[in-house]
Amino acid sequence: MSVHGNARKVTTHTLQEMKRAGEKITMLTAYDFSLAKLVDRGGVDVILVGDSASNVMAGRDTTVPMSLEHMIYHAQCVERAVDRALIVVDMPFGTYQGNSAIALESAIRIMKESGGHAVKLEGGAEIVESIQRILTAGIPVMGHLGLTPQSIYKFGTYTVRAKEDEEAAKLIADAKLLEEAGCFAIVLEKIPAHLAKQVSDALSIPTIGIGAGQDCDGQVLVLHDMLGITTDFSPRFLRRYLDLESQITGAVEQYCDDVRGGDFPNEEESY
Ligand code: KIV
């Protein structure tokens with residue numbers, strides 16, 4: 001039996017065993033009870049309560065405005081739905097950079113109030129002190145390198161990162177630093193596939209890619225993007241598995257026609 005198939009509950013150790021066994025790790029985002037239930041039933045290994053909720057749930061342009069309270073609320077909704085997957089909660093912008101004591105306090109609030117199983121932080125050397133302090137409390141930490149959306153105002157664009165040698169060298173050094181610090185996995189976002197392979201081969205902890213090619217130890221997508229609910233975001237790395245935008249608007253149009261035409265409710269749908 002595979003490591004994935006054996007795991008009644010996925011833990012950080014399951015993911016590390018999966019890497020050792022050469023089994024790919026699956027991760028998707030979720031932010032609410034109903035969809036988290038379906039994602040967990042679908043057998044995904046990790047559910048990320050991502051701060052991408054800022055975009056897909058709240059309609060904002062960036063992830064910067066997300067607060068700790070927002071993240072805790074979404075994580076609580078997800079936690080009530082999930083039986084098997086490991087739940088990782090994004091630490092929002094401003095709750096861990098620059099002050100490791102505040103980082104620890106924020107991570108403890110997420111763990112105590114949401115019931116999530118781990119936290120994710122964006123960045124390398126600049127935030128390693130915060131990561132180390134969070135780890136001392138026994139809170140598992142997932143790293144996130146490459147395109148780090150919370151730093152959008154520093155970079156100015158969402159284009160592929162670490163194409164130049166200097167940035168690639170920093171990314172490799174950061175990945176090793178995060179592994180040494182004790183992170184259990186690292187998200188690699190929007191970097192060249194050959195670099196993601198190099199990092200994945202060099203680390204003993206799993207890498208989870210998004211726009212980072214097929215050699216990462218696992219893959220993650222934003223749920224609303226892969227289900228085709230959001231259609232104004234079409235990066236090359238995104239594979240859409242459904243076209244829910246047209247199915248949902250079609251169903252709503254049909255409902256409106258049925259009500260307006262007196263077809264709904266009919267006798268069988270009435271008391
Ligand atoms: O917030 C998020 O959804 C993420 C993924 C894109 C990895 O961080």
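Val 119, Leu 121, Ile 134 and Leu 188 touch the most other members of the largest nonpolar core, which has 59 residues. Helix α9 (residues 165-181) contributes the most to this core, with six residues. The model is predicted: local features need pLDDT of at least 70, and side-chain atom pairs count only at pLDDT 80 or more, whereas totals for chains, interfaces and linings use all residues. Residues are numbered from 1 along each chain as its sequence is written, and side-chain values use heavy atoms, with hydrogens and water left out.

**Terms**
- A nonpolar core is a set of buried Ala, Val, Leu, Ile, Met, Phe, Trp, Tyr and Cys residues joined through side-chain atoms within 4.5 Å.
- Buried means under 20% relative accessible area (1.4 Å probe, protein chains only).
- Helices (H or I, at least four residues) and strands (E, at least two) are DSSP runs, numbered from the N terminus.

**Helix α3**
- Ala 36, Val 39 and Asp 40 are the buried residues of helix α3 (residues 33-41).
- Viewed down the axis of α3, these residues fall within an arc of 100° (taken from the directions from the axis to the C-beta atoms), so they line one face of the helix.
- After α3 comes Gly 43, with a positive phi near 95°.

**The barrel**
- Eight strands close into a barrel in the order β1-β2-β3-β4-β5-β6-β7-β8, with parallel pairing; two strands pair if DSSP finds at least two bridges between them.
- Strands β7 (residues 207-210) and β8 (residues 218-221) run parallel and are joined by two bridges.
- Gly 209 has Gln 219 in β8 as its bridge partner.

Conventions
Buried means under 20% relative accessible area, exposed over 50%, partly exposed in between (1.4 Å probe, protein chains only).
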